Amino acid sequence: LCGKMVWFKDTTNNSKGCNVQIIGDVKPVSGGKWDNGWILDPEKDSKYDVEITPIGADKLKVMGYAGMKFLSETYTWTRAPADLKRCDA
């Protein structure tokens, strides 16, 4: 599993990051989760370990961590509408 940036809330400051890969090498593990890959923090230009858990059809729980999961930061990502203008269009 991998992922690329295709939309930014503020295109003025972020347009150069369009189509940059931000998630990579993630593989399915038990319990419907995906793990053992990496996620890029573009603000720090640093990669972290990542675990992704689907929450229904339109949300993902994305947990970035550095080696140990108890030292993590978790976000809920929501699927963008299909008609959203992509930066790579």
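Residues are numbered from 1 along each chain as its sequence is written, and side-chain values use heavy atoms, with hydrogens and water left out. Because the model is predicted, local features need pLDDT of at least 70 and side-chain atom pairs count only at pLDDT 80 or more, whereas totals for chains, interfaces and linings use all residues.

With a disulfide defined as a pair of cysteine sulfur atoms within 2.5 Å, the count comes to one disulfide. The link is formed by Cys-18 and Cys-87, whose sulfur atoms are 2.1 Å apart. The angle about the S-S bond is 95 degrees, and the link of Cys-18 and Cys-87 is right-handed. Cys-18 lies in the loop between α1 (11-14) and β2 (21-24), and Cys-87 in the segment after β7 (68-78), so the pair ties together parts that are 69 residues apart in sequence. Here helices (H or I, at least four residues) and strands (E, at least two) are DSSP runs, numbered from the N terminus. Cys-87 has a relative accessible area of 29% and is partly exposed; buried means under 20% relative accessible area, exposed over 50%, and partly exposed in between (1.4 Å probe, protein chains only). Cys-2 is in no disulfide, and the nearest cysteine sulfur, that of Cys-18, is 15 Å away. Cys-2 counts as exposed, at 51% relative accessibility.

A nonpolar core is taken as a set of buried Ala, Val, Leu, Ile, Met, Phe, Trp, Tyr and Cys residues joined through side-chain atoms within 4.5 Å. The largest such core has nine residues, namely Ile-22, Ile-23, Val-26, Trp-38, Ile-39, Leu-40, Val-50, Ile-52 and Val-62. Two or more residues of this core come from each of β2, β4 (34-41) and β5, with β4 giving the most, three residues. Contact means heavy atoms within 4.5 Å. Not counting residues up to four places away in sequence, the residues touched by Val-50 include the core members Val-26, Trp-38, Ile-39 and Val-62, and also Trp-34, Asp-35, Asn-36, Gly-37, Met-63 and Tyr-65.

Glu-51 lies in β5 (residues 46-55) and counts as buried, at 6% relative accessibility. The side chain of Glu-51 makes a polar contact with that of Lys-69 (2.7 Å). A polar contact is a pair of N or O atoms within 3.5 Å; within protein, one must be able to donate a hydrogen and the other to accept it, and residues adjacent in sequence count only if both atoms are side-chain atoms. Beyond four places in sequence, Glu-51 touches Lys-33, Trp-34, Asp-35, Lys-61, Val-62, Met-63, Tyr-65 and Lys-69.

Asp-49 is also placed in β5, but is partly exposed, with a relative accessible area of 30%. A polar atom of the Asp-49 side chain lies 2.8 Å from the backbone nitrogen of Gly-67. Between Asp-49 and Val-26, 23 residues apart along the chain, the C-alpha separation is 9.2 Å.

Lys-4 is found in strand β1 (residues 3-4) and counts as partly exposed, at 47% relative accessibility. Lys-4 touches Asn-19, Val-20, Gln-21 and Ile-22, with residues up to four places away in sequence not counted. Lys-4 and Met-63 are 59 residues apart in sequence and 17 Å apart in space, C-alpha to C-alpha.
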